[in-house]
Amino acid sequence: MDADDVVRLRLRRQQLRAPRAATPEDALKNLLAVQSQEFPYARWSLAQRTAGASAADVEQAVADGRILRTHILRPTWHFVHRDDLRWLMALSAPRLHQGNQGMYRQTGIDAAAASRSAGVLAGAVAGGAHKTREELSAELQRSGFTGKGLELAYLIMHAEISGVLTSGTPVRSKGGALRQTYALFDERVPAAPTGPADRPAALAELVRRYFQSRGPATAKDCADWSGLTVTDVRLGLALALEIDPDALETAALDGVEVHFKPDSRREPAADGQPRIDLIQCYDEYVMGYSRTRHFLGGTAPALPERDSPMHVVLRDGRMIGSWRHVLAGGSCELDIRTGPEPGDAATPGTDRAVDKAVEAYGKFLEMPVVRK
């Protein structure tokens with residue numbers, strides 16, 4: 001296996017290449033969890049892995065509760081399918097609470113405060129009364145909590161991790177931006193078992209789905225993505241292969257073992273034209289890896305720099321630049337910046353491929369899009 005094999009397989013397994021998912025929730029089921037703190041761009045991460053979903057399609061799936069947005073895994077915001085959230089949160093919760101202990105102490109959230117606030121928050125959203133962060137803040141203040149700043153953030157996160165709250169139907173601000181709301185976990189997440197029955201089975205399921213959707217990757221990649229230890233990942237890998245010895249293959253790459261879903265299909269004939277993908281900087285093609293992230297080339301920007309785009313331009317799966325969108329007046333302006341391409345800086349097909357990527361983004365947003 002070489003670097004080109006890694007890029008080719010990752011693009012296909014992540015559904016940035018055919019076969020695409022039928023719906024945004026199908027794309028999410030494949031990836032298990034998708035980082036989503038940048039909500040407008042995270043919609044695109046799901047839609048571009050489908051056969052033509054729009055931003056409105058993703059928003060509707062979130063509004064309906066088919067896709068939920070919550071703190072899980074490392075923790076940060078992630079999209080998770082409702083059928084996976086209960087077992088995945090049960091697997092993640094002990095480590096998440098352990099990792100948050102320092103902030104719980106700093107903000108005065110002990111067991112009694114967490115229990116009392118959970119009751120307040122659950123009562124506030126019960127019966128489908130989805131509420132924004134500001135509305136939950138007011139409810140907590142009426143019950144004697146400060147309900148602001150870090151205390152508010154960690155009371156809400158504690159309730160998410162504890163299976164009290166999850167995402168509700170988003171609402172729009174006066175300016176048109178989507179805003180997160182919160183709902184009662186048990187009203188949005190199926191109570192009937194829809195996943196692994198115990199921790200060993202959950203480890204096996206997470207590890208199998210990680211490597212099948214993101215491989216070739218290492219145990220360290222999976223551990224850093226999931227928040228689990230490398231020991232847990234290796235245990236999950238052994239259990240997954242015990243259940244189905246053909247689920248994953250192993251190969252040597254740069255002196256380490258990588259695991260991936262077997263692929264017996266032949267590659268479609270290449271047309272010789274480059275392919276441009278505009279992906280967000282928190283896309284799973286970037287954030288799904290740590291030990292082997294370098295295969296996308298360069299250093300992917302994780303945070304915006306002043307007056308420059310923050311997201312990632314891929315040419316045939318490797319980073320060549322950055323981009324961002326600016327929405328105004330019912331249209332979108334794409335600021336796309338690409339650097340010189342080593343060895344073939346004058347490739348005429350790149351500009352045509354960028355035009356196709358801009359057109360695809362316009363279809364996703366369902367509005368006119370122009371390149372700056």
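1. The structure under review is a predicted model. The points below should be read with that in mind.

2. The sheet. Three strands form an open sheet in the order β4-β8-β5, and their pairing is antiparallel. The edges are taken by β4 (131-132) and β5 (165-167), each of which pairs on one side only. Strands of a sheet pair through backbone hydrogen bonds, either parallel or antiparallel. Between β4 and β8 (residues 181-184), the antiparallel pairing extends over two bridges. Thr132 has Thr181, in β8, as its bridge partner.

3. The helix over the sheet. Which strands does helix α6 lie across? Helix α6, residues 111-125, lies across β4, β5 and β8. The direction of α6 makes an angle of about 95 degrees with that of β8.

4. The model holds 21 salt bridges. Side chains of opposite charge can pair when their charged atoms come close. One of the bridges joins the side chains of Arg209 and Glu205, with an N to O distance of 3.2 Å. Both residues belong to helix α10 (residues 199-214), where they stand four residues apart, or about one turn of the helix. Arg209 has a relative accessible area of 9%, and is therefore classed as buried, the cut-off being under 20%.

5. The side chains of Arg275 and Asp277 meet in a salt bridge with an N to O distance of 3.3 Å. Arg275 is partly exposed, at 31% relative accessible area, whereas Asp277 is buried, at 5%. Elsewhere, salt bridges with shared partners join Lys29, Asp84, Glu205, Arg208 and Arg209 into one network.

6. Packing of α11 and α12. Two packed helices are described by the angle between their axes and the distance between the axes. For helix α11 (residues 219-226) and helix α12 (residues 230-243), the angle is about 115 degrees and the axes are 9 Å apart. The two helices are therefore roughly perpendicular to each other. Their crossing is right-handed. On the α11 side, Ala219, Lys220, Cys222 and Ala223 take part in the contact, meeting Val230, Val233 and Arg234 of α12.

7. The setting of Trp323. Strand β13 (residues 318-328) contains Trp323. This tryptophan counts as buried because its relative accessibility is 0%. How far apart are Trp323 and His311 in sequence and in space? They are separated by 12 residues in sequence and by 5.0 Å in space, C-alpha to C-alpha.

Technical notes:
Residues are numbered from 1 along each chain as its sequence is written. This is a predicted model: local features need pLDDT of at least 70, side-chain atom pairs count only at pLDDT 80 or more; totals for chains, interfaces and linings use all residues. Side-chain values use heavy atoms; hydrogens and water are left out. Two strands pair if DSSP finds at least two bridges between them. Contact means heavy atoms within 4.5 Å. Axes are lines fitted to C-alpha atoms, for helices over the stretch in contact, and angles run from 0 to 180 degrees between N-to-C directions. A salt bridge is a side-chain nitrogen of Lys or Arg within 4 Å of a carboxyl oxygen of Asp or Glu. Buried means under 20% relative accessible area, exposed over 50%, partly exposed in between (1.4 Å probe, protein chains only). Angles under 35 degrees count as roughly parallel, over 145 as roughly antiparallel, 65 to 115 as roughly perpendicular and the rest as oblique. A crossing is left-handed if the near helix is turned anticlockwise from the far one by less than a right angle, and right-handed if clockwise.
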